[in-house]
Amino acid sequence: MKTRTMNQDFHTTARTLSEALPYMQRYSGAVVVVKFGGNAMGDADAMAEFARDIVLMRQVGINPVVVHGGGPMINEMLDKLGIKSEFVRGKRVTDQATVEVVEMVLTGLVNKRIVQAIMDEGGRAVGLSGKDDDLMVCEADDPDLGWVGRPIEMNVQVLRDLMSAGIIPVIAPVATGMDPVETYNVNGDTAAGAIAGALRADRLLLLTNVPGVKDGSGQVVTALTPDEVRAMIDDGTIAGGMIPKVETCLDALDRGVRGVVILDGTVPNACLLELFTEHGAGSLIRA
Ligand code: X2W
């Protein structure tokens, strides 16, 4: 025989689930592109937790698409190989030797780690890069940067095919050029914005290691319009590494993404907090 003592924690769990219903209904069938930056990845436990959130999203009827970075992992491998690397305006100057390392690290180590983490939580995931099925075709972004790509043509049918089969696509930001022998290194945020735009995604979540866009007094702004973002760039409130990030957001909104959120991916359950609670997380930018 078993007896039951009702514990407050179980009630809280049940209430939390119940309160999430309207959000689950709102996002049912939605396409949510999640950019998982190298700085947000952390240790194996943090990776497992991220994967669990993604699998939960899929379980409640959302179509998550993961686009990852891996800048710190590329740095580590370049260091081991004794290849020097520098960034100009937030992008890695990428010569031939560097692009080979970028492709190996992103499409190999990092991509497969995320795919495995999602499968470990009971989801189905397939890893691909911009090269697969010509998903993302690039041209040189800036001659000074070498093999850094700017997406010029997107073919997202492969993502729709995977999503409709219940499979979570996990994409490494590496692409071909108009000449298929070329390999381009694409900034992870840029790739996520281009993919979200081509999918006309309902949400693009940019997971990073800062809590969002901050105002003049250092407070995180929870919601802002593209015009407000432009004004904050002009008056210097948004500066440094946040500029390319918000520019990616504005570009994604121009391409038809409904809303973009910059949030701290190192906070536990960051995606769930954003999608399924009144509280939300980070800074939401939408028209
Ligand atoms: C990036 C690609 C990886 C990336 C790089 O080489 O580091 C360029 O800078 P995070 O972790 O999202 O920063 N590409 C052109 O974006 O990683």
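The model is predicted: local features need pLDDT of at least 70, side-chain atom pairs count only at pLDDT 80 or more, and totals for chains, interfaces and linings use all residues. Residues are numbered from 1 along each chain as its sequence is written, and side-chain values use heavy atoms, with hydrogens and water left out.

**Exercise 1. Salt bridges**

Determine how many salt bridges the model holds, and characterise the pair Lys-35 and Asp-189.

Step 1. The criterion is a side-chain nitrogen of Lys or Arg within 4 Å of a carboxyl oxygen of Asp or Glu. By this rule there are 11 salt bridges.

Step 2. Helices (H or I, at least four residues) and strands (E, at least two) are DSSP runs, numbered from the N terminus.

Step 3. Burial is assigned by relative accessible area: under 20% is buried, over 50% exposed, and in between partly exposed (1.4 Å probe, protein chains only). Both Lys-35 and Asp-189 are buried.

**Exercise 2. A network and a further pair**

Which residues are linked with Lys-91 in a network of salt bridges, and where does Lys-131 find its partner?

Step 1. The network consists of Lys-91, Glu-139, Asp-141 and Arg-150. Within it, the closest N and O atoms of Asp-141 and Lys-91 are 2.9 Å apart. Asp-141 lies in the loop between E6 and strand E7 (149-154), and Lys-91 in strand E4 (residues 91-92), 50 residues apart. Lys-91 is partly exposed, because its relative accessible area is 23%.

Step 2. Lys-131 forms a salt bridge with Glu-103, the closest N and O atoms being 2.9 Å apart. Lys-131 belongs to the loop between E5 and E6, whereas Glu-103 belongs to helix H5 (residues 96-120), 28 residues apart. Lys-131 has a relative accessible area of 27% and is therefore partly exposed. Glu-103, at 23% relative accessibility, also counts as partly exposed.

**Exercise 3. The surroundings of strand E11**

Is strand E11 (residues 203-208) buried or exposed, and what are the strands to which bridges join E11?

Step 1. Of the 6 residues of E11, 6 are buried, so the strand is largely enclosed by the rest of the structure. Arg-203, Leu-205 and Leu-207 point one way, while Leu-204, Leu-206 and Thr-208 point the other way.

Step 2. Two strands pair if DSSP finds at least two bridges between them. E1 and E11 run parallel and are joined by 5 bridges; Val-34 stands opposite Leu-205. E11 and strand E13 (residues 259-264) also run parallel, joined by 6 bridges, and Thr-208 stands opposite Asp-264.

Step 3. The open sheet has 8 strands in the order E5-E8-E2-E1-E11-E13-E14-E12, with mixed pairing. E5 and strand E12 (223-224) stand at the edges, each with a single partner strand, so one side of each lacks a neighbour in the sheet.
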